[in-house]
Structures are given as C-alpha cells and as structure tokens.
Amino acid sequence: MSLLWTTEALVEAMGGRPIGSLPEGITGISIDSRSLEPGNAFFAIKGETMDGHDFATAAVKAGAAVLVVAEGKLPSLGRLTAPMIVVQDVLAALEKLGVAARARSKAKIIAVTGSAGKTTTKEALRHVLSAVGKVHASAQSFNNHWGVPLTLARMPQDCNYAVFEIGMNHPGEIRPLVKMVRPHVAIVTLIAAAHLGFFKNLDEIAMAKAEIFEGIEPGGAALLNRDDPRWKLLGKMAKEAGVEHVFGFGENARSAFRLAACELYADHSDIAVKIGKKDVTARVGAPGRHIVQNVLAVLGAAQLVGADLDKVAAALADLSAERGRGRRHILHHPSGPITLIDESYNANPASMAAAMALLNATPVSGEGRRIAVLGDMLELGSHSAKLHAALAELIVGTGTRNVFLGGPEMRALADVLPSDVETEYRAGAEELKPVVMSAVRPGDVVMVKSSKGIGFSKLVEALLGKFPAEATTIEPT
Ligand SMILES: Nc1ncnc2c1ncn2[C@@H]1O[C@H](COP(=O)(O)OP(=O)(O)OP(=O)(O)O)[C@@H](O)[C@H]1O
Ligand SMILES: [Mg+2]
C-alpha cells in the first residue's frame with residue numbers, strides 16, 4: 001500500500017520527538033483503535049469523555065505503525081515499546097499535519113457548511129467527482145475541531161478534488177477550521193433552526209456560518225442558496241470577507257445555477273439546470289426536492305472547480321440516499337410490502353419539512369397509509385416548544401393522517417394536532433416501539449425521523465428485524 005506520509009515528513013510537519021525505530025512511513029491516520037488498520041499512525045486525541053492515550057496498547061495490537069502521544073502522558077504509557085512521536089499536544093500536532101497536507105496538495109478544494117444537508121451534499125460531491133478524478137472527502141460527519149484537521153491530514157498528496165464538511169454549534173468554530181482548509185469553493189446549503197438553542201435567531205446562525213467565507217482562497221467562490229431567505233445577508237458577508245465571486249443556486253430566476261425544470265418521483269427526480277448559456281439535464285437517483293436543492297450546489301461547485309459537467313451530471317443518476325437520511329427499505333410483510341423511509345439520523349425544522357414532503361410523495365399501495373413516526377428535534381433551546389408545535393401545520397398540509405410521536409419535546413406537537421389526525425404519543429422510542437410495530441400494515445409508507453439522540457434508529461432496526469427488507473433502492477452499507 002502506498003504511503004500517506006513518510007515518517008520524515010510527519011516529523012517535519014508536526015515537530016515532536018521520535019522514540020524507537022520508526023517505520024519508513026504510514027498508510028493512514030486513525031484516532032480510534034477499533035477501526036485502525038495495520039500501518040496507520042494512531043493519534044491519541046483527548047475527547048470529551050475518552051482519552052486516546054488509554055487505547056494506545058489496543059492501537060499497537062491493531063497494528064499501529066507509530067503512536068503520536070503527548071509528552072505529559074508519557075509516564076502513564078508505562079512499558080509500551082512501540083515507535084512513537086512525542087508532541088506537546090496531540091490535537092495541535094494533527095492540525096499542523098493538516099496544514100502541511102493542504103500546503104502540499106494541488107487538489108481543488110470544496111468546503112460545505114449549512115444547517116442541514118452538509119453530509120448529503122459532501123457525499124454527492126464525492127460520488128460525482130469520482131467520475132472525473134481522484135477524490136478525498138470527510139468520513140461521516142467529521143466536521144468539527146478534530147474532524148476537519150483529521151480529514152485534512154488524511155488527504156492523499158495526489159488527489160484531484162477534496163471535499164470537507166465543516167460544522168458548528170457555536171459562533172467562532174468555523175473560522176479556524178476553514179483557515180486550515182482554504183477552499184476554492186465554499187457552499188452554504190441553507191440556514192435553518194438547527195442548534196438554535198445556542199443562538200438568538202436565524203440571522204445569528206447565518207453570521208456564524210458566514211465565517212466560512214474568511215478562509216476562501218484568493219480568486220475563489222462562495223456558493224449560496226438563492227432560495228434561502230438569508231442569501232442576501234450571506235452574500236453581503238461574503239463580499240465583506242473579500243470573496244471575489246459569489247454565486248447563487250436555486251429556483252430563483254437570478255441564480256447562476258438555476259433549476260429550470262424539476263419532476264419529482266418516489267425514487268428519483270429529473271431536473272434541468274441552467275448554467276450560464278448551458279442547459280444540463282440529469283436524473284437524480286435519490287428522491288426529494290431537498291436533494292435536488294443540494295444537487296444544484298453540487299453542479300455549481302463541480303463547474304467552479306472545472307470538472308466535466310456532462311460526466312458529473314451523468315453520475316447523479318446513481319446517487320443514493322444515505323443511511324438515516326432518506327434511505328428506503330421495502331419491508332416484507334406476508335400480505336404485501338411496506339415502505340420504510342429511514343430519516344432517523346437527524347432532525348430540525350428544515351429537514352422535517354423535507355422529510356414530510358418525501359413521505360407525501362411516496363405512493364402507498366392498496367389500503368396503505370402514510371405514517372409519520374416523529375421524535376424530538378434537539379438543541380432548539382427556548383424555541384423548542386413553538387417549533388415542535390409548528391410541525392402541526394406541516395402534517396395537516398401534507399395530508400398525513402397517521403402520526404406517532406415520541407420524546408418530551410414532541411408533547412407540544414401532540415397537544416395541538418387536530419382530532420382528525422390519528423395521533424399516538426409516548427414518552428420515548430422504547431415506549432413507542434410496540435405501538436408502531438403493531439400498527440404498521442401492508443401497503444403503508446412509514447417515515448421515521450428524529451434527532452439522533454432520541455434513538456429512533458432503534459425503531460428502524462426493530463421494523464427491519466420484524467419485516468426483513470426485500471430490497472432497498474440502494475446498496476446496503
Ligand atoms: N437541502 C436540504 N434541506 C432540508 N433538509 C435536508 C437538505 N439536505 C438534507 N436534508 C435532510 O437533513 C437531514 C440531515 O442531513 P445531513 O446529514 O446531510 O445534514 P448535516 O448538515 O450533515 O447534519 P449534521 O450537522 O448532523 O452533520 C437528513 O434528514 C436529510 O435528508
Ligand atoms: Mg453531517
């Protein structure tokens with residue numbers, strides 16, 4: 001396997017004190033001994049609850065080529081004889097390596113932030129750009145103070161494109177991260193009430209997201225959602241940050257990447273997009289209007305980094321919904337199939353609206369019903385009760401008549417749903433499970449959505465356990 005870093009370059013980038021007989025180089029970087037592959041360097045990062053130094057022995061057993069550890073922790077590592085690079089602070093060393101990775105790279109770099117759709121957009125970019133070059137992208141939602149430097153440090157020298165997810169819960173978090181990433185193109189997917197508990201209002205969220213503009217490379221571009229009420233504020237902030245090019249994507253007539261036509265189907269969408277004088281038509285393999293919106297940003301970014309748009313557009317056809325983010329399963333029931341839409345990864349008011357639209361667009365069969373199984377949207381602070389109650393309008397508007405609710409915050413919604421919506425409310429996922437399991441019938445479409453912390457993925461697992469999936473529209477992970 002080719003080397004990601006030679007030891008010489010590692011030590012040069014991070015400083016530090018090598019101990020023992022170090023290998024020629026490392027094949028990858030790991031911060032988790034459970035997923036470490038032989039030949040990787042193990043960085044003993046200290047998290048909120050765990051300290052990587054406690055897993056140094058496990059990392060050596062898993063085949064770590066070298067350990068990167070803190071000087072202060074050395075005494076606690078006892079008789080461990082593995083090759084090590086000893087640094088003052090392991091996270092700071094990872095950041096330095098990330099900066100070095102960026103400095104040696106010739107790749108076109110794209111950064112993605114926003115209140116929802118970061119991972120979806122990042123994975124779509126990974127997928128389509130793979131049709132035109134070698135792509136490196138963040139794993140999962142590795143978008144924070146350790147996820148971003150880790151993704152940077154993992155960037156192979158020879159990749160053509162790299163895509164970084166950058167997230168935040170508080171003001172000031174994006175700025176240092178984007179300054180390491182130095183993107184050529186920065187996408188803001190949308191501004192919505194995610195983590196609103198930490199902010200006064202949506203403008204404040206927009207301003208925190210706008211920190212991403214401060215790291216854009218000279219000559220680079222900001223790519224903004226032209227349909228978002230805060231695009232103007234964001235555009236102004238991009239200009240103030242010195243960004244040379246600001247483009248919009250959306251349905252709005254003035255978008256640089258404009259949705260000219262869109263047909264939504266249960267399992268895909270067909271779109272026509274106007275990019276300057278060029279018309280691009282594409283089939284998008286994952287359903288939902290929100291996915292189309294993300295795809296406009298994907299096409300925009302692809303164009304801005306000079307990728308072949310025809311190849312990129314063609315690759316959209318086999319895009320697939322991510323696990324917990326709209327992935328579909330056709331469940332086997334002796335008397336007919338049940339469609340399960342797994343949205344259990346995440347929920348905020350914007351993604352709730354997207355998921356309800358998805359449910360609404362999915363056909364039932366026979367006597368089947370559309371069933372929404374909804375759990376709490378977390379981190380909404382003092383806005384929480386109001387935003388949960390506001391979902392009533394969405395439910396009534398989409399004509400959903402069967403609703404199962406779980407979690408303390410959902411009480412506010414249960415209290416205001418009209419009587420013609422059949423509603424079952426329970427305290428949490430565990431309590432709701434038997435009620436949902438016994439309620440589903442052949443022909444139903446069941447959409448499960450909540451914030452991750454509420455644990456509705458257990459409901460998805462229970463449904464998959466009781467009614468094994470016949471097929472999925474996408475490959476299993
Ligand atoms: N453009 C969009 N508008 C509204 N909802 C969206 C959009 N794109 C994706 N979603 C939905 O939002 C949820 C979260 O998606 P995704 O994981 O891509 O977001 P994220 O921004 O990466 O979240 P996180 O902050 O947890 O990393 C999913 O249910 C997904 O279907
Ligand atoms: Mg994410």
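The chain is split into domain 1 (5-90), domain 2 (105-318) and domain 3 (327-472), with bounds from an automatic or database domain assignment. This is a predicted model, in which local features need pLDDT of at least 70, side-chain atom pairs count only at pLDDT 80 or more, and totals for chains, interfaces and linings use all residues. Residues are numbered from 1 along each chain as its sequence is written, while chains are lettered from A and ligands numbered from 1 in the order in which they are written.

Let's begin with the whole chain. It holds 16 helices and 23 strands, which are DSSP runs numbered from the N terminus (helices: H or I, at least four residues; strands: E, at least two). Along the principal axes, its C-alpha atoms fill a box of roughly 70 × 55 × 45 Å.

Next, look at how two of the domains meet. The centres of domain 2 and domain 3, taken over C-alpha atoms, are 28 Å apart. Here 15 residues of domain 2 are in contact with 15 residues of domain 3, contact meaning that C-beta atoms, placed from the backbone, lie within 7 Å.

Finally, find ligand 1. Domain 2 and domain 3 both give residues to its shell, so ligand 1 lies between them. Of the 23 residues around ligand 1, Gly117, Lys118, Thr119, Thr120 and Ser351 come nearest; a residue is near if its C-beta atom, placed from the backbone, lies within 6 Å. At least two shell residues come from each of α4 (118-129), α9 (289-304) and α11 (349-360), and α11 supplies the largest share, four residues.
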